[in-house]
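This report goes through selected features of the structure shown below.

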Amino acid sequence: MKRIILILFVFISTLSFAQKLKVTADKNPAIVGEQILIQYSIDTKGDKFKSPNFSGLRVLSGPNPSTSSSYTFINGKSENKISTTYSFYIKAVKEGTFNITPASIKVDGKTIKSKPYQIKVVKGSDRNKAQQKAIADNLFIKVEVSKRNIVVGEQILVTYKLLTRLDLHNTELSSLPALNGFWAKDLETSSRFKRDVIDGVAYNVATIKKSVLTAQKSGKLSIDPMELKCSIRKKSNKRNRGFFGGGIEIQEEFISSKAVTINVSELPTPPANFKGAVGSMKIKSEIDNSTAKANDAITYKLTITGTGNIELVEPLNIQFPEDFEVYDPKISDKIFEGGRKRSVKNFEYLLIPRYKGDYTIPSSSLIVYNPKRKKYTTQKTNQHNLIINANTNIDDENSTINQQIIKTEKKDIHYIFTTTKLKEIRDNVLNKNLFILIFFLPIFLIILLWIHNTIVGKNDINSSDWKNKKANKIALKRLKYAQNCINNNNFDSFFEEIEKSLWGYFADKFKVSIADLSKETVSTHFYSNAIDNNTEKQFIALLDECEFARYAPASNKNAQMDDVLEKAKKIIIEVETSLK
Amino acid sequence: MKRLIFILSLLFCIQTFAGEQLFLQANKEYVNENYTAAVSLYDSILTKELESSELYYNLGNCHYKAQDWANAIWHYEKSLKLEKNDKTIQNLELANLKIIDRIEEIPQLFYKKWWSSFISIFNTFSWQLISILIIWFALTIKILSQFTNYKKEHFLSILYSLALISVFATYSSYQGNITKKEAIIFTSSVVVNSAPTTNSTNLFSLHSGSKIEILDTIGEWINIKIANGSSGWIKESGCKVL
C-alpha cells in the first residue's frame, strides 16, 4: 500500500511538472447581460500569452496578467510556488453556446495550449431581465453627432452624454471609443450633472466627452462604442442593516454607447492646388514695412480666419522673390472648439532682402471646399510691393559688387503652344511598295543607259576632245614648279626646272631609267612610238635652249621664260596626243 | 466631281477652323488652371480626326499639371512622333523624372547617335520625297548629257551618292517611325513574364509611365523590350500604343 502511494506520489509530481494552462469561469452557464470572469492560470512563470478568440462575447477588459508566488516550508522541506493568471472580464450579449478557442502561453520555450472552453449563456429569468431593463432605462450613454453625412475634411462634433436616474456612486471609463479614420480633438467638458427633462422624464445629465472629429478618409466610418463602468448605489434589501443605517449595496454595471456610423463621401474632383482645407475660411496677408533697407528684416504675416479644419491647414506655397532670405514660418493659432467656431491661424515669415531693388510678393491662394455651399472657393491674398533701399551701414555692398551666378534651381515644364496647324489624323507616308516603285524606276533607267553607253558609246565623237583636255592637264602638272619659278622671278632655277621636268616626263612616259637618258634615246623612243619627227626636233631644241640659257645670261629673260614654258607645254601636249 | 471635291475641301477647312477655335478655347482653360476642362476640349479636337504636334504637347502639359504622368508621357511621345521640338523633349525629360521606373538606356555608339540625329532632321515622308526627287533629278541629268555635249560626270556621281544616303535614311526612318511600335504602360504596376503565360517566371515589373517597344503579339500577350535591353511578355491591356 505504501509503495502504491509512493508511486502515485511520484506520478503526480511528474504530472504536475507537465504544466497545464487551466481555464476557469466564475459562472457557467451565465445569464444574458451578465459579466463573466474567465481566468487562465498556469503554475509557473510564462510569457507571450496569446489571447483566445471570444467569438460572440464582448470583452470588457483583459487580458489582465497577475503572478503570485508562495513559499512554503513544511517539515524541513521548502517549496516555491509561482503561478501566473490571465483574467478576462467578458459580457454575454446574447444567449447561446459560445466556444472560446484555446489560449497559449510560452513556458521555457515550449508553447502550452489550453483546452477550448465552452460557455453557455441562457435567458435570464423575467425578474432578472426586468432588473436589467430597469437599469438600461435609467442609465445610458447617449451619443450626439452633429452631422452624419459629411465629406472628407469636414468636421463633426460628437458628444457623449451620460443620462441617469439612479444614484451613481462612481463612474470610470473602461474603454475609449476607437476613432478609425478620424482626426480627433477633445474639447473641455464639465462633468457636473445637470437636470434635464427628456420626454417628460427628468434625468441627471452629464457630458462625459466632447470631441471634434475631422474625417480623414472616405467611406463608412464607424465610431466605436464607449464603455463606462458605473457603480450604482442601491439600498440593500437585506435585513442585516448596519448600525449606522448602512445597508447600502454597490452594484457595478457596464454600460456602453451605441456605435455610430458616419457616411464620409469623397470631395468632388478637387482643383490642382487643393490641399485639403474644408470649411469657410478667409485669408489675409500683411506686411509690416513696404519700404526697407537691404539686410533689414521684414515680417510677412498670413492670417487664416474662419471655421473648418483650420488647424490642419499647412503653410501656403508663397513665391517669395529669389533674392530674399526666407525663414520657416512661425505658426500660431487660436482654435476654438476644434475649428467649429471662428478660429485664427497665423503664419509669420521673416524675410531678409539681400539686395536693393523693387520686389513684389505675389498673391498666394488657398483653395477651400465649402461643404455647405458644396463648392470650392479660392481665397487670395493681396500682392505686396516692396521697395528695398541700399543699406548705407554696410560699406562693402557698394565697394565690392556681389555678383550672383544665375541659376535655375526649380524646373518646370515649358508653357503650352498658343497656335497650331491641325491636320487630319492619318499616316503621312507613301506606301512602301509605291515608294520602291517610284525610287527604283529611275535607277533601272540609269542602269539601262549605262549599259547602252558601254556597248555603243566607245567611238564617241568627243573622245579626241577629251584626250586633249587630259594631255593639257598632264603638261600643267609637270610644269607646275617651272610656273612657280616664273611667279617668283627665279631665273636660274627656272631653266633647270624645265629641263628636269622634260627629262622626267620623258623618263616616266617611255619608262627609261635615268642613267640611260640622252638625246639618242629620245629619238629612238620617239621613233618607235611613231611620233612626228618635228616634235622630236622641237623637244631636243628646247632642251638645248634650256641648257644654253642656264649658262649664258640673256638680255630679256622674262620674255624668254614665258616663251620656253609655252613651248614645253606644247611639246608635252603634242607627245600626249600623238601617243596611243 | 469638281464640285464634290470643292465641297469636301471646304468642309475640311471649316472643320480645321472649328478645331483651331477649340484649341484657343482650351488654351484659355489651361491659363485658368482648369486642366480637366482643357483636356476635354483638346480631346474633342482629336475626336474630329484632327491632330498636330502642338495639340499633343499641350495635352501632355495638362496631364502633367494634373499629375497624370503616364498620360503626359504618352502625349509628349505622340507629339515627338509628329515633330521634334526642344520644348517637348525637355518636358518629356521632366515627366520621366516623376515616374517610378528609371530605365538606364544602353549607350549608343557615336556613329549610331549621329545617324539617328541625322535621320530625325526630316520625317519619313520628307525623306521619301527627298530620295525620289534626287534620283529623278539624276535621271534627268543623265538623259540630258546623253543627247547633248554637256558632260556632268562628277555632278552625277555626287547625286548618286546623295540618293544612296537618302534612301538609307528613308529606310531607317521608316523602320523607326512606322514599323517600330511603341507603347506606354498605363496600369500602375505590371509584371513582365518570361513567356506568354500567367504562370511563367516573373522577370521584373514595370510601373505606369514607362516606355516599351512592342516586338510581337500573340493573342492578348505582347512581347516587349525596354530601353535597357531587357525583354519579356505582358498583357496588352496594361499599355497604350503610341
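## Chain B overall

In this predicted model, chain B has a secondary structure of 8 helices and 8 strands. The chain counts 242 residues, and 32% of them are buried.

Contacts in chain B can also be sorted by separation along the sequence. Of those between residues at least 6 apart, 54% join residues at least 24 apart.

## Helices H7 and H8 of chain B

Helix H7 of chain B spans residues 124-147 and packs against helix H8 of chain B, residues 153-179. The angle between H7(B) and H8(B) is about 160°, and their axes are 8 Å apart. Angles over 145 degrees count as roughly antiparallel, and H7(B) and H8(B) are therefore described as roughly antiparallel to each other.

The crossing of H7(B) past H8(B) is left-handed. The contact of H7(B) with H8(B) comprises 17 nonpolar, 7 polar and 1 charged residues.

## Interface between chains A and B

On the side of chain A, 28 residues are in contact with 40 residues of chain B. Two elements of chain A, strand E32 (423-424) and helix H4 (432-456), each supply at least two residues of the side that touches chain B. H4(A) gives the most to that side, with 8 residues. By class, the residues of chain A that touch chain B are 17 nonpolar, 6 polar and 5 charged.

There is also strand pairing between the chains. E32(A) and strand E1 of chain B, residues 50-51, run antiparallel and are joined by 2 bridges. Within this pairing, Lys423(A) stands opposite Glu51(B) in E1(B).

## Four-stranded sheet of chain A

An open sheet of 4 strands in chain A has the order E1-E3-E6-E5, with antiparallel pairing. Its edges are strand E1 (22-25) and strand E5 (57-74) of chain A; each has a single partner strand, so one side of each is left without a neighbour in the sheet. From one strand to the next, the twist averages 20°.

E1(A) is joined by 4 bridges to strand E3 of chain A, residues 35-42, and the two run antiparallel. In this pair, Val23(A) stands opposite Tyr40(A) in E3(A).

## Three-stranded sheet of chain A

Another open sheet in chain A has 3 strands in the order E23-E31-E28, and its pairing is mixed. Strand E23 (291-293) and strand E28 (357-361) of chain A stand at the edges; each has a single partner strand, so one side of each lacks a neighbour in the sheet. On average, neighbouring strands of the sheet are turned by 30° against each other, direction ignored.

E28(A) pairs with strand E31 of chain A, residues 384-389, in the antiparallel sense over 5 bridges. Gly357(A) stands opposite Ile388(A) in E31(A).

## Asp167 of chain A

Asp167(A) is located in the loop between strand E13 (155-164) and strand E14 (168-175) of chain A. Is Asp167(A) buried or exposed? With 12 other C-beta atoms within 10 Å, Asp167(A) is exposed, because a residue counts as exposed at 12 or fewer.

Which residues does Asp167(A) contact, leaving aside its neighbours within four places in sequence? They are Ile232(A) and Arg233(A). Asp167(A) and Ile232(A) are 65 residues apart along the chain, while their C-alpha atoms are separated by 5.9 Å.

Key. Residues numbered from 1 in each chain as written. Chains lettered and ligands numbered in written order. Predicted model: local features only at pLDDT ≥ 70, side-chain atom pairs only at ≥ 80, totals over all residues. Axes fitted to C-alpha atoms, helices over the stretch in contact; angles between N-to-C directions. Parallel < 35°, antiparallel > 145°, perpendicular 65-115°, else oblique. Left-handed = near helix turned anticlockwise from the far one by under 90°. Nonpolar A, V, L, I, M, F, W, Y, C, P; charged D, E, K, R; others polar. Pairing = 2+ DSSP bridges. Buried ≥ 20, exposed ≤ 12 C-beta atoms within 10 Å, placed from the backbone. Contact = placed C-beta atoms within 7 Å.
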